[in-house]
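User: Hello! I am new to this structure and would like to learn how to read it step by step. Could you walk me through it?

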Amino acid sequence: MKRLTILCDADDTIQELTEHWLSELNCKHNYHVKKEDITSWDVTKAFPGLTPEEVLEPLYRDEFWDRTTSVEGSPYYLKKLVDDGHKLLIVTASNPETFEAKTEKLLELFPFLTKEQIIRENNKQSVKGDILIDDGVHNLINGAYIKFLYHQPNNSGFNEKEHDITRVYSWKEIYERICHMVA
Ligand SMILES: [Mg+2]
């Protein structure tokens with residue numbers, strides 16, 4: 001079996017971010033924004049009465065990251081990919097100030113990962129790998145890797161077929177597609 005280097009995004013691909021972020025903002029500022037309402041990359045658009053600083057504020061609190069959870073199925077299927085012998089790297093375009101708290105939570109949610117497997121990189125196209133799984137279309141476009149777009153409301157309006165990108169809907173599907181690729 002072929003062993004792949006699998007690059008994988010963190011936020012909203014394996015670590016639920018938007019849901020927890022919205023719940024913080026809704027609670028604090030009395031909004032009722034749902035994840036389905038976030039149909040672009042810019043979350044500030046969903047909170048027209050708040051400043052960008054107010055919208056981003058929760059992300060700079062360590063205890064916010066501590067409350068995040070894993071995306072359904074991701075711990076189980078990522079572990080299976082590692083057990084199958086693939087090299088896994090988590091590539092996250094984090095702010096340096098939030099990276100440590102995020103990394104700590106990732107290591108707790110995915111205990112089979114090591115710190116060295118979690119990379120902070122804004123230009124994901126510069127990282128070498130066979131495949132990237134990401135919910136951000138800007139990370140996939142022009143990448144030299146095979147591209148899996150993790151379906152989220154923020155990318156639902158994007159036509160992935162025009163960019164040689166495969167839209168994926170669950171971690172089970174991702175696992176099965178990778179198994180099929182290397183069989
Ligand atoms: Mg993401």
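User: Let's begin with one residue. In which strand is the place of L89?

Analyst: Welcome! One note first: this is a predicted model. L89 has its place in strand β4.

User: Is L89 buried or exposed?

Analyst: A residue counts as buried when its relative accessible area is under 20%. L89 has 12%, so it is buried.

User: Which residues does L89 touch, leaving out those up to four places away in sequence?

Analyst: With those left out, L89 touches T5, I6, L7, C8, E116, Q117 and I119. For K172, the C-alpha to C-alpha distance from L89 is 19 Å, and the two are 83 residues apart in sequence.

User: Now the sheet. What is the order of its strands?

Analyst: The general idea comes first: strands of a sheet pair through backbone hydrogen bonds, either parallel or antiparallel. Here, 6 strands form an open sheet with parallel pairing, in the order β5-β4-β1-β6-β7-β8. At the edges stand β5 (118–120) and β8 (165–168); each has a single partner strand, so one side of each lacks a neighbour in the sheet. On average, neighbouring strands of this sheet are turned by 25° against each other, direction ignored.

User: How many bridges pair β4 with β5?

Analyst: There are 3 bridges between strand β4 (residues 87–92) and β5, and the pairing is parallel. To find a bridge on screen, look for V91, whose bridge partner in β5 is I119. I119 is also among the residues that L89 touches.

User: Which helix lies across β4 and β5?

Analyst: That is helix α5 (residues 96–109), which runs at about 165° to β5.

User: On to β7. How many of its residues are buried?

Analyst: Strand β7 (residues 146–150) has 4 of its 5 residues buried, so the rest of the structure largely encloses it. On one side, strand β6 (residues 131–134) runs parallel to β7 and is joined to it by 4 bridges; in this pair, D134 stands opposite L149. β7 also runs parallel to β8, again with 4 bridges, and there K147 has I165 as its bridge partner.

User: Which residues are the protein donors of the magnesium ion?

Analyst: The protein donors are D9 (OD), D11 (O) and D135 (OD), at 2.1 to 2.2 Å from the magnesium ion. Along the chain, the donors follow the spacing D-x1-D-x123-D. D9 sits in the loop between β1 (5–8) and β2 (15–16), and D135 in the loop between β6 and α6 (137–140), so this pair ties together parts 126 residues apart in sequence. D9 is buried at a relative accessible area of 4%, and D135 is buried at 1%.

User: Into which domains is the protein chain divided?

Analyst: Domain 1 covers 5–16 + 69–182, and domain 2 covers 18–66. Their C-alpha centres are 22 Å apart. Where they meet, 18 residues of domain 1 contact 14 residues of domain 2. The two domains bury about 1,400 Å² between them, with 55% of it on carbon and sulfur atoms. In domain 1, the residues that lose the most area to domain 2 are E16, P153 and N154, together 34% of what that side buries.

User: Last one: where is S40 found, and what does S40 touch?

Analyst: S40 is in the loop between α1 (18–29) and α2 (52–56). With a relative accessibility of 24%, S40 counts as partly exposed. Leaving out residues up to four places away in sequence, S40 touches K45 and N154. S40 and S156 are 116 residues apart in sequence, yet their C-alpha atoms are 8.7 Å apart in space.

Key: Residues numbered from 1 in each chain as written. Predicted model: local features only at pLDDT ≥ 70, side-chain atom pairs only at ≥ 80, totals over all residues. Heavy atoms only, no water. Pairing = 2+ DSSP bridges. Helix = DSSP H or I, 4+ residues; strand = E, 2+ residues; numbered from the N terminus. Axes fitted to C-alpha atoms, helices over the stretch in contact; angles between N-to-C directions. Contact = heavy atoms within 4.5 Å. Buried < 20%, exposed > 50% of the residue type's maximum accessible area, 1.4 Å probe, protein only. Donors = N, O, S within 2.8 Å, 3.2 Å for Na, K, Ca; no water. Domains from an automatic or database assignment. Buried area = accessible area lost by both parts, 1.4 Å probe.
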